[in-house]
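Subject: Structure handover

Hello,

Here is the structure I promised to pass on. Please open it first, then read my notes below.

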Amino acid sequence: MTTPDKMYMATVTAPTNIAVVKYWGKASVKYNTPTNSSVSVTLDQSDLRAVTTIATSPSFTQDRLWLNGEEEEGAADSKRFRACVDGVKALATDKKDKNGDVIVTVDDWKTWKVHVSSYNTFPTAAGLASSAAGYAALVAALTELYQAKETFPHELTTIARQGSGSACRSLYGGFVAWRQGTEATGWKDSLAEPVGEGTLAASEKHWPELRAVILVVSAQKKHTSSTAGMQTSVATSPFLTYRSAQVVPQRMKEMEQAWIDKDFSKFATLTMKDSNSFHSTCLDTFPPIFYLNDISRDIIRLTTAYNEYYGELRVAYTFDAGPNAVLYSTEPFLQELVLLVSHFFPEHGENYLRGIKVDTSTSTLDPAVLKHCVDAMPESYEVKPPTENVQYMYVTKAGPGPKVLLPSSLASSVAADATTNLDPQTGLNTFSP
C-alpha cells in the first residue's frame, strides 16, 4: 500500500491537428459529439505542441490546473476537465514494481487528487487547435500516469473528445478521421481512428513530401469561440444541416482515398472546397460569424492566382475558426511558396519563418509568376503592404501522436534534468512562459 508522502508523475506532449474536412456543430452537447464526421492531418510536434505534466498524491487536497503558468481557478471542476480525468481513471490499472508487487491500487488512483500543468508552444484560442493539443496531452498524460487500458479500440479518443472535440484526432499521428457516431450506441462509436489503420497509410510517414505552412495572421483570442459559434449555427443555419447530411459523407470518402493515393490535386480541391463550405455555414448563421479577415481573403486570392498560373493545384488553403491560414503543398513547391508569401506579406524580423528550414537565399521569384499574382491582388499591394499582416509562418509536416517525455514515475526518483512542469517535491507548477 501507499504512504501519504508518495507522489507519482508523468509528462507527455501532444500535437495539434488541422482538419481538411471540418466538423461544425454538436449532435449531443452532453457527450460532445459532432453533427458530421471530420478528418485532419496531425502536425509534427517540433514547433507546435502541448506539454503536460500530471502528478498525483494522497497528500493533495484538491485537483488543480495550471495553463501556460497561470492557475485556472475552478477549472479542475469544469465538465470537460472532469470528463477526461474521471474517464481515464475508470480505465486505470494497478501499478506494480519490478517484482510484480502492487504498489498503487486502482482504488488509490481513483481517490488521489491530481495536479496538472500544461502549456502550448503556440497561441492559445487563436484558431490553431490549441485546445485539441491540450486535451489530447491531458488524456495521454493521464493514460501514462495510471497505465490505463482501453476496453474497446479507440476508447481513449471518446474520452478526449469530451474535453475538446478535435482532441480525439490528436491522439494519433498521420491522417485521422473522427467518426460521427450514433446516439443508439450511447455515442461510443463517436471516436477517432487513423485512416488506413493497419497499413502504411496510417503512419505520418505515408506522405513524406506533404508540407503545411501555417500563416499566423492574428495570435489574439477569437471574438466568437468555437463552442458559442457552433451552438448558434446549429440553431439558425439551414446550410449546416444540408452540409452535414448531403456534402460531408461523400467528401469524407473521397478525402480518405486521396490521402491513401497521395493524390494532391484531389486532396487540394476537397480541402479548399470544405474550408469554403465551413465558412459559408458561419456566414449563413444568424447573426453571421466572421472568422476570416481581409488578410485571410488575400491569402485565398494569392493561392488561387498561383495555382491558376501553373494550371494545376500546387497549394491548398484551409481556415479553421479564426483568420490564420494553413497552406498545404508538397516539398518541390515549398521554396517558391515561402518566397511568394514573404513577398506579399513582408517579413517582421528574424523569427518570421519558423519550423522546417527553407533556404530562400538562393532563389528568386519568377517575374511572370509574380506579375500574375500581383494582378490578382488588391491594388494597395503595388504601393505598400497592408497595416495588418502575416505575423509569422510555421513550416511543418505530418507528425506522430503523443510522446511520453517522463514515464509514470515516483516523484522522488525523477532525475533533476527530467522534463516536468511540476516540482517533484511539492507538486506545484514550475513552468513560466
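Start with two helices. α8 passes α10 in a right-handed crossing. A crossing is right-handed if the near helix is turned clockwise from the far one by less than a right angle, and left-handed if anticlockwise. Helices here are DSSP runs (H or I, at least four residues), numbered from the N terminus.

Before you go on: this is a predicted model, where local features need pLDDT of at least 70, side-chain atom pairs count only at pLDDT 80 or more, and totals for chains, interfaces and linings use all residues. Residues are numbered from 1 along each chain as its sequence is written, and side-chain values use heavy atoms, with hydrogens and water left out.

Back to the pair. Helix α10 covers residues 367-376, and its axis comes within 9 Å of the axis of α8; the two cross at roughly 135 degrees. Axes are lines fitted to C-alpha atoms over the stretch in contact, and angles run from 0 to 180 degrees between N-to-C directions. That angle makes α8 oblique to α10. The classes are: under 35 degrees roughly parallel, over 145 roughly antiparallel, 65 to 115 roughly perpendicular, and the rest oblique.

Which residues of α8 meet α10? They include Leu-302, Ala-305 and Tyr-306, and the α10 side includes Val-369 and His-372. Contact means heavy atoms within 4.5 Å. Ala, Val, Leu, Ile, Met, Phe, Trp, Tyr, Cys and Pro count as nonpolar, Asp, Glu, Lys and Arg as charged, and the others, Gly among them, as polar.

Now the second pair. Helix α1 (residues 79-89) packs on helix α3 (residues 130-146) at about 25 degrees, with axes 9 Å apart. That makes α1 roughly parallel to α3. Phe-81 and Val-85 are among the α1 residues in the contact, and Leu-138 and Leu-142 are among those of α3.

A cavity is a set of points on a 1 Å grid over the protein atoms alone, where a 1.4 Å probe fits but cannot get out; lining residues have an atom within 4 Å of a point. The largest cavity has a volume of about 50 Å³. Volume is the space filled by probe spheres set on the points, which are joined across faces, edges and corners. α8 returns here: it gives four residues, the largest share of the lining. The lining has eight nonpolar residues, one polar and no charged.

Best wishes

How values were computed: 1 Å grid on protein atoms, 1.4 Å probe; cavity = no way out; pocket = protein on both sides within 12 Å on 5 of 7 lines; lining within 4 Å.
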